[in-house]
4 protein chains.
Amino acid sequence: MKEETLEGPIVSRSRLEFLCDGVFAIAMTILVLELKVPDLADRRSVAELASALAHEAPTFFSYLLSFVVLGIFWFRHDQQYRAFRIITPGMLMLHFAQLAGAAFFPFCAALMGRYPTNPLTIVVYLGCILVYAWSSFAIWVVARKTGSTADLTTAAYEKSRSRWLRACLVVSMFFVFNLIRTLAN
Amino acid sequence: MKEETLEGPIVSRSRLEFLCDGVFAIAMTILVLELKVPDLADRRSVAELASALAHEAPTFFSYLLSFVVLGIFWFRHDQQYRAFRIITPGMLMLHFAQLAGAAFFPFCAALMGRYPTNPLTIVVYLGCILVYAWSSFAIWVVARKTGSTADLTTAAYEKSRSRWLRACLVVSMFFVFNLIRTLAN
Amino acid sequence: MKEETLEGPIVSRSRLEFLCDGVFAIAMTILVLELKVPDLADRRSVAELASALAHEAPTFFSYLLSFVVLGIFWFRHDQQYRAFRIITPGMLMLHFAQLAGAAFFPFCAALMGRYPTNPLTIVVYLGCILVYAWSSFAIWVVARKTGSTADLTTAAYEKSRSRWLRACLVVSMFFVFNLIRTLAN
Amino acid sequence: MKEETLEGPIVSRSRLEFLCDGVFAIAMTILVLELKVPDLADRRSVAELASALAHEAPTFFSYLLSFVVLGIFWFRHDQQYRAFRIITPGMLMLHFAQLAGAAFFPFCAALMGRYPTNPLTIVVYLGCILVYAWSSFAIWVVARKTGSTADLTTAAYEKSRSRWLRACLVVSMFFVFNLIRTLAN
């Protein structure tokens with residue numbers, strides 16, 4: 001092993017996978033910390049608790065939506081990561097951009113839960129997804145350039161790249177549309 | 001490996017196991033964030049601190065109960081997951097429903113700690129367990145249909161399915177009973 | 001594998017290890033959430049921030065102490081766990097008692113940071129360590145009885161048991177001493 | 001295995017790696033809890049939300065900076081850890097100092113986000129990095145002394161040690177400079 005431990009791969013493939021899974025699991029679970037138990041005048045009143053919880057409906061909706069979005073992030077990460085043999089420096093840096101997006105998501109979820117009708121909220125929410133999606137696309141391209149996906153046929157690589165690009169463009173379109181709508185506000 | 005990385009299993013069996021374990025561990029540990037240190041007029045007063053903590057008794061009870069419930073969730077998940085050879089798309093989606101239930105549990109625990117005498121609290125708490133239990137049952141059935149549990153004899157599968165169904169029905173019964181009690185309130 | 005998946009070991013040895021590591025890592029990291037950034041009248045004042053942080057000294061001390069205690073918990077758990085070949089039902093239940101103790105620790109740390117001079121604080125803090133220590137001792141004894149530590153010589157088992165018992169008795173002594181001191185208050 | 005389980009290595013190499021990864025992932029993710037959704041008078045006002053978020057700009061900057069710092073911590077840890085064959089008692093204790101530094105980082109990030117212009121904030125922030133960096137350096141030296149890095153050539157060890165030392169000295173210089181600037185304030 002000798003010199004290799006320092007001259008070898010930039011980062012352990014399994015440890016980065018582990019770090020990502022940790023960040024995803026934590027982000028998905030701390031979403032719940034944004035849900036606050038309401039204050040009630042009459043602690044036993046069903047009607048009061050029901051109306052307080054109904055009042056928090058956007059927060060619950062934002063919780064579910066954000067859980068699903070993070071779930072999709074994780075699922076796509078798993079699909080992509082399987083194709084990588086090694087992690088190169090460029091891929092590592094892009095992974096941190098991607099993780100920062102995922103770890104930032106609970107804030108977007110809280111904003112969405114609190115101000116669902118504010119157009120700027122949607123811009124911030126989509127902006128976070130945007131950072132995540134483009135980082136993923138960039139990782140895929142960089143991985144190919146640096147030979148990390150050598151086990152993949154060119155056809156399989158390109159099919160997957162088109163799919164990522166399409167997803168990025170759809171998110172970007174939504175983002176730009178909402179940005180314009182917000183600025184025009 | 002080639003094409004297989006994209007055409008292969010929908011999701012890595014070990015990574016989903018890992019994500020689940022992460023969500024369970026985090027949900028179990030952030031339960032403690034609902035326990036608040038009381039405000040005291042006299043910081044050194046044993047009597048005041050004792051009565052403040054005694055006042056929070058329902059919160060401590062809810063902490064312990066919810067820890068045990070999440071522990072049982074985790075234990076049953078481990079038992080079930082061992083029988084799966086692969087994770088199919090349907091199983092993955094049901095796993096997210098299951099995980100959303102587990103991750104939502106700290107909110108139910110906080111509600112229970114704060115308003116233990118409010119009938120609606122019990123309905124929400126049981127509702128969350130209900131989502132978890134039925135998702136587990138559905139995963140078991142879907143896994144069988146899609147061949148993920150092919151190593152299991154039909155007898156073993158059916159015995160286990162009956163056990164899950166019975167658990168689901170018991171929880172549902174409690175849920176409906178409390179729902180009626182609450183609506184009649 | 002067939003029937004064995006359901007009739008086999010009660011719980012996966014590696015998954016329980018994983019769950020424990022997760023709970024320890026989270027408990028150690030969320031300790032920091034108890035440290036609050038102080039409110040300052042003059043945001044640029046070094047003197048004001050310094051005195052505010054100095055005022056929070058007990059909280060920082062409690063943070064460090066609790067981090068070390070959880071570190072020792074984790075270290076002892078690793079030492080003990082290596083000797084187990086399988087996890088039996090009794091061991092699993094005791095593990096949950098142990099984990100509940102570890103997961104509850106951030107609350108004890110917060111209490112200690114806020115009311116370090118209140119005798120009851122020490123009782124609660126030591127009580128939590130007590131639950132953890134006796135659970136560990138019980139796991140060791142139960143593991144032996146149920147054959148989980150069959151690879152261990154009787155001498156090694158007994159030497160280790162004595163060490164655990166001694167640790168438990170020391171903690172119990174401190175606990176009882178502080179309990180009496182508090183009740184006499 | 002017999003006696004070895006108790007007389008063997010002080011701690012499992014893979015479990016310590018796991019604990020570290022957990023602490024890093026959690027610290028990186030709970031940074032987001034310091035970001036608070038602002039209170040708005042007009043919930044639909046884009047201008048008000050925009051100015052409120054702009055007002056929180058230092059907090060977002062601190063979030064990103066701290067995420068990057070923790071990412072570098074993790075990356076360096078992975079590089080270093082690969083060279084260790086076993087974990088000796090001294091290395092374990094130093095690892096806890098290192099982890100305490102990483103787990104404490106969210107507090108430094110919150111302080112930085114709230115009082116970015118207070119000179120003492122920079123001292124605390126750099127102080128935390130200092131503890132981390134010197135612990136890492138000490139682990140490297142102790143690991144060599146206790147034979148844990150036996151697979152490494154002397155040249156590779158020394159090259160790496162110089163690099164660590166240089167990083168520590170740079171951080172120390174910044175720390176001392178800011179300390180003097182703060183005391184002179």
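I began with confidence in chain A: helix α1 (residues 4-7) of chain A has the lowest mean, 39, while helix α6 (residues 119-145) of chain A has the highest, 96. I then looked at residues 1-7 of chain A, where the pLDDT is below 50. Beyond near neighbours in sequence, I find twelve contacts for this stretch in the model. For chain A as a whole the mean pLDDT is 92, and 96% of its residues reach 70 or more. I note here that this is a predicted model. The predictor gives the complex an ipTM of 0.90 and a pTM of 0.93.

**Relation of the copies**

Next I superposed chain D on chain C. A rotation of 90 degrees does it, with 0.0 Å of shift along the axis and an RMSD of 0.0 Å. I therefore put the two copies down as related as by a four-fold rotation axis. I repeated the step with chain D on chain A: a turn of 90 degrees and a shift of 0.0 Å along the axis give an RMSD of 0.0 Å.

I also looked up two pairs that do not touch. Chain A and chain C share no contact, and their closest C-alpha atoms are 9 Å apart. Chain B and chain D likewise have no contact, with 9 Å between their closest C-alpha atoms.

**Chain D against chain A**

I looked up how chain D meets chain A: 32 residues of chain D are in contact with 32 residues of chain A. On the side of chain D that touches chain A, the elements giving two or more residues are α2 (13-30), α3 (46-55), α4 (57-81) and α7 (154-183) of chain D. α2(D) gives the most to this side, with eight residues. By class I have 21 nonpolar, five polar and six charged residues on this side of chain D.

I asked which surfaces the two copies use. Only 12% of the interface residues of chain D are also interface residues in chain A, so the copies meet through different surfaces.

**Chain D against chain C**

I then turned to chain C, where 32 residues of chain D are in contact with 32 residues of chain C. The elements of chain D that give two or more residues to this side are α1 (4-7), α2, α5 and α6 (119-145). Here α5(D) gives the most, with nine residues. The residues on the side of chain D that touches chain C divide into 21 nonpolar, seven polar and four charged.

**Packing of α4(D) on α5(D)**

Last, I looked inside chain D. The axes of α4(D) and helix α5 (residues 89-114) of chain D come within 8 Å and cross at roughly 155 degrees. Angles over 145 degrees count as roughly antiparallel, and α4(D) and α5(D) are therefore roughly antiparallel to each other. I recorded the crossing of α4(D) and α5(D) as right-handed.

From α4(D), the contact uses D:Pro58, D:Thr59, D:Ser62, D:Tyr63, D:Ser66, D:Leu70 and D:Phe73. From α5(D), I listed D:Ala102, D:Phe105, D:Ala109, D:Met112 and D:Gly113. Sorted by class, the contact of α4(D) with α5(D) has eight nonpolar and four polar residues, and no charged ones.

Notes: Residues are numbered from 1 along each chain as its sequence is written. Chains are lettered from A and ligands numbered from 1 in the order in which they are written. This is a predicted model: local features need pLDDT of at least 70, side-chain atom pairs count only at pLDDT 80 or more; totals for chains, interfaces and linings use all residues. Two residues are in contact if their C-beta atoms, placed from the backbone, lie within 7 Å. Helices (H or I, at least four residues) and strands (E, at least two) are DSSP runs, numbered from the N terminus. Ala, Val, Leu, Ile, Met, Phe, Trp, Tyr, Cys and Pro count as nonpolar, Asp, Glu, Lys and Arg as charged, and the others, Gly among them, as polar. pLDDT is the predictor's confidence in each residue, from 0 to 100. Axes are lines fitted to C-alpha atoms, for helices over the stretch in contact, and angles run from 0 to 180 degrees between N-to-C directions. Angles under 35 degrees count as roughly parallel, over 145 as roughly antiparallel, 65 to 115 as roughly perpendicular and the rest as oblique. A crossing is left-handed if the near helix is turned anticlockwise from the far one by less than a right angle, and right-handed if clockwise. Copies are superposed by least squares on the C-alpha atoms of residues with pLDDT of at least 70 in both.
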